Amino acid sequence: MATRRGTKYQDLYIGLVRVHVLHHAAQEPVFGQGMIEELGRHGYRLGPGTIYPLLHSLERRGWLKSEGSLVEGRRRRCYTATRAGRAALQDARAYVCELFREISEVKHAT
C-alpha cells in the first residue's frame, strides 16, 4: 500500500483504510476494485494484493459479509457491513474524532 508520501507510513495508514472500507460497506455493497478506486481518490494507492486480503480479514472478523454475483459476465464478490461491523465502525468513529481533535490542537515546534 502506498500513499501520497509513499510506502514509508504504510503500517500507520492501514487502520485508516480499514475504517474507510467499513464506512463504505455500511452505506452500500462494496467490491475490491471499487474500493481501490475510491481510496485512490483520497490519496491511497492500493493494489489487489492489499485490498483483497484486507476485505477477507474484515470478513473473518465478522465485520463484513460477502456475496458473489455476476457483473458483465465476470464474477464479483460484494461486501456489506454486518451488525458487528457497524458497531466496530461506530466505535472507530469515536476514536477517530477524539484523535482528530487532539492532533489538530498540536502546536508545531519551530
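**Pairs and contacts in a predicted model**

Reader: Is Glu38 buried or exposed?
Author: Glu38 has a relative accessibility of 14%. Buried means under 20% relative accessible area, exposed over 50% and partly exposed in between, with a 1.4 Å probe and protein chains only. At 14%, Glu38 therefore counts as buried.

Reader: What pLDDT do local features need in this model?
Author: pLDDT is the predictor's confidence in each residue, from 0 to 100. Residues are numbered from 1 along each chain as its sequence is written, and side-chain values use heavy atoms, without hydrogens and water. The model is predicted: totals for chains, interfaces and linings use all residues, side-chain atom pairs count only at pLDDT 80 or more, and local features need at least 70.

Reader: Which element has the highest mean pLDDT?
Author: The mean over the protein is 89, and 89% of its residues reach 70 or more. Elements are DSSP runs numbered from the N terminus: helices (H or I, at least four residues) and strands (E, at least two). Strand β1 (residues 64-71) has the lowest mean, 91, whereas the highest, 96, belongs to helix α3 (residues 48-60).

Reader: Which residue does Glu38 meet in a salt bridge?
Author: A salt bridge is a side-chain nitrogen of Lys or Arg within 4 Å of a carboxyl oxygen of Asp or Glu. The whole structure has one. At 2.8 Å from N to O, the side chain of Glu38 meets that of Arg41.

Reader: How far apart in sequence are the parts that the pair of Tyr13 and Tyr44 ties together?
Author: Rings of Phe, Tyr and Trp (its six-membered ring) pair if their centres lie within 6.5 Å; planes under 30 degrees apart count as stacked, over 60 as edge-to-face and the rest as tilted. The count comes to one aromatic pair. The ring centres of Tyr13 and Tyr44 are 6.3 Å apart and the planes lie at 80°, so this pair is edge-to-face. Tyr13 is in helix α1 and Tyr44 in the loop between α2 (32-40) and α3, so the parts tied together are apart in sequence by 31 residues.

Reader: Over how many bridges do β1 and β2 pair?
Author: Two strands pair if DSSP finds at least two bridges between them. β1 and β2 form a hairpin with two residues between them, and Glu72 in the turn has a positive phi of about 50°. Strand β2 covers residues 74-81, and its antiparallel pairing with β1 has a bridge count of eight.
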